[in-house]
Each structure stands twice: as structure tokens, then as C-alpha cells.
Amino acid sequence: MVQKDHAADRARRAAGAAARTGFFFGLAFEEIYKRDEPTIPGGIRTFPLVGLAGAMLYLVEPQRTVAFVAGLLALGAWLYAFIGLEQSREGGSGGTLVIPVSNLLVYVLGPIVLLQPPWVAVGVTVSAVLVIGTRERMHGFVRLIPQDEVLTAGKFLILVGIILPLVPDTRLIATAAVTPYHIWFAVVAISGLSYLTYLIQRYLPIKGGALLPALLGGAYSSTATTVVLAKRQREAATRRPELSAGIVAATAIMYPRLAAVVAFFNLPLAVALLPALAFLFIVGAAAAWREWRKIEPGAAEDLAVPAANPLQLTTALIFAALFMAVSLVTGWVEAVFGQTGVFTLAVLVGASDIDPFVLNLAQGGVPNMPLSAVAAAVLIAGSANNLAKAGYAIGFGDPAAAEQPANALAVLALLGFATAAVYIL
């Protein structure tokens, strides 16, 4: 008797929930689709009944769900016949699959109400309402996004969702901590950050009069931004304070970028680095603002830096190979030369891309070094990179015009070396 009462109560609750979700879905469906063509199947009366039918047919025989499947096939056959009839009529709307899919979804909501927590049915219903309710906006969004960007997003999903779970997490060499998973995880992290910055740079409509384009360029690659802006200094044939400010700002934003990348892999190391990186960022931001204030009103040049698509497969493979090489070299240097050798290597890698070196340190590439020494190695690499960028600012730009940003980058480098010494001592 108790079991019968429980089953009856369960059926009542399922019927009420199926009717409510169907009513809400039908309300939105009629608003979007039935204003112009009231004959299409579905709506504020049909959907509650379809949901009730799905729930009750499931309860008839829940073990094998024969009744529910039969009802699903009958509904599908009827919708198929409707689509064929509508397509034979000129101007009919049966060509869209949204109408039959909406009916089938409401039918399936019946068992969902019975088998899942209430929030699942509510979430599915609300999601479906939002999808059909934003039809025009979604179609406009499709027209707005170029096809190459869709393909780029697909490449990123391949990197994250297909390749990353498949690569093994076993050491390639017993003496080195690097694994294929660590390598590709580093590729995904850097590619993801660069891809986000690339999208903002491409689609954020900010022109001259602001430092934000230079900051975004620095988040993508401070070295590339320095080279581009230095070349513009040379082309201008005169000192442009906004270009100098952009070069320094691109390096200033490197410090929050380093903090974010390190924190993604090694939160304790990021916490240890935070005071030094915050100090260097403040100094760099102040130097950039000092240059920016020298601009005459209305004379600021556009600081936007074109960014290449960071998700090319060739680019990912090159970064993976570079990361593996740097990881193996770092492990060997630590084993042979110890902590001093790692610091020396940090200076050498600073002349190029420091991301592979920093990511290797964050992933435990030097297990025998204390946390403070690893933090010092990161600061040394960043400071050496600043010295290299100071040289790029002079070499690619006009020496006289690039004097101010080169001096600022040199000061940041010296301060970085000084803070690294504090960590070591």
C-alpha cells in the first residue's frame, strides 16, 4: 500500500512538473514561431500535453521503456509527415528542424523530470527557451564572425579537447621531469592566453588616444610589441611620446601575465613572486604614464599592434619542441651546475622567448631548487628579456627617439635583478 501511494505521488509530481515546463516552453515557442504561422505543431497547449505523454508513457513500463519508445517513434513519424507536407507547400516553415526538435525535447522532458533532480529539467527548458528566443541575435552573430575565426576556435578545441587528453603523462627521460602531457599542457596554456588576447585585439574597437592597444599587445607578446612600436618610431623620424609609452607599457603588462601563467601551474610560486612582480609592474606603469603625459592634446598615434593567429598547428608544434628542449637543458644544467647554472641559463633564455623556461620552472622542472631560488630564476629571465627589448627598441627604432623607453626597460631590468638577489639571499 505504501509503495502504491509512493508511486501515485511520484506520478502526480512528474505530471505537474512536465506540464509546467511544457507550458513555459510553449509560451516562448508561440511567441517566436506561431505568430505568423499558427498551424505549426507545438505551443502553450500542445507542449504540456506532449510532456505529460512522455512522463506517463515512461511510467507505464519504466524497466524497458517500450511504451515510451513507441510514443517517441509515433511522435517522430508524425513530425516527419508534417515536415514533408510543409516542404511541399510554397513558403512553408517546416524546413526548420527547430520545430520538430522542440516537440521531441518536450516529450523527453517527461522522463527527465522523473529521473533527475528538478534543476535539470528547469535548466534544459530555460536553455531551450533562450536558444529559440535569441534566434535573430544568433543569426546576426553568425554573420558577424568570419569563417576563419570559427576554424581557429575549432583548432583550439582540438588542442584542448582531443590532443591533451590523449598524450601520456609519463617521463620521456628518467632524469628529466618533463612529460608529453606537461609539454602539451604548456602549449594549451600559452595558446589559450594568446588566443584570448588576439580576439580582444582584433575585435575591440579601440584606436589612438589610449594605452590599451599597447597593453593588449604586451599581453600577447611584449617583445613583438616592442619591435613593432620601435619601427614606428623610426618611421616617424622624430620622438613620439605615445610610442615610447606603449613600449614601456607592453613590458609593464608582462609582469601580470607572468603572474597569471605561473599561478595556472604553480600557485605557491606565484604567491612567492607576487610582491616582486607587483612592484615591477607599478614601476613600469608609472614610467609609461610619465611618457604618456608628454603627448600633446590630439596628437596621439594609434598604438594597435597587429597580432597573428596564435593557434596555427605549426606554431603549437614549434612551441612544444622549444619547451621540450628548454626543459631537458634546464634539467641537465641543474644536475651538472646546480643553482648557479640555472640562473645563468635564465639570463641566456631572456634574449628570446622566456615562456618555455618559466613554464618549465612552474611545472617543477628544477625539483632540487628551493621555491625562493625558482622565483629568482623567473625574475632573472624576465629582467634579461627586458635588456634584450631595450636593445630591440634602439636597434629597430631611432636611437635618439628610443632613448627614453630603452632607459626605462634597462631600469626595470636592474630592479628585477635586484629583487632576484633579495630572493636568493
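**Close-up views of a predicted model**

View 1. Helix H14 (residues 355-362) is largely enclosed by the rest of the structure, because eight of its eight residues are buried, where buried means under 20% relative accessible area with a 1.4 Å probe and protein chains only; helices are DSSP runs (H or I, at least four residues) numbered from the N terminus. Among the buried residues of H14 are Asp355, Phe357 and Asn360, and just after H14, Gly364 takes a positive phi of about 85 degrees. This is a predicted model in which local features need pLDDT of at least 70 and side-chain atom pairs count only at pLDDT 80 or more, while totals for chains, interfaces and linings use all residues. Residues are numbered from 1 along each chain as its sequence is written, and side-chain values use heavy atoms, with hydrogens and water left out.

**View 2. The aromatic pair of Phe25 and Phe47.** Rings of Phe, Tyr and Trp (its six-membered ring) pair if their centres lie within 6.5 Å, with planes under 30 degrees apart counted as stacked, over 60 as edge-to-face and the rest as tilted, and by this rule there are ten aromatic pairs. The pair of Phe25 and Phe47 is tilted, at 5.2 Å centre to centre and 50 degrees between the planes, and links helix H1 (residues 2-33) to helix H2 (residues 46-60) across 22 residues. Phe25 is buried at 1% relative accessibility, and Phe47 is buried at 0%.

**View 3. The aromatic pair of Trp332 and Phe337.** The ring centres of Trp332 and Phe337 lie 5.7 Å apart with the planes at 80 degrees, so the pair is edge-to-face.

Technical notes
Buried < 20%, exposed > 50% of the residue type's maximum accessible area, 1.4 Å probe, protein only. Helix = DSSP H or I, 4+ residues; strand = E, 2+ residues; numbered from the N terminus.
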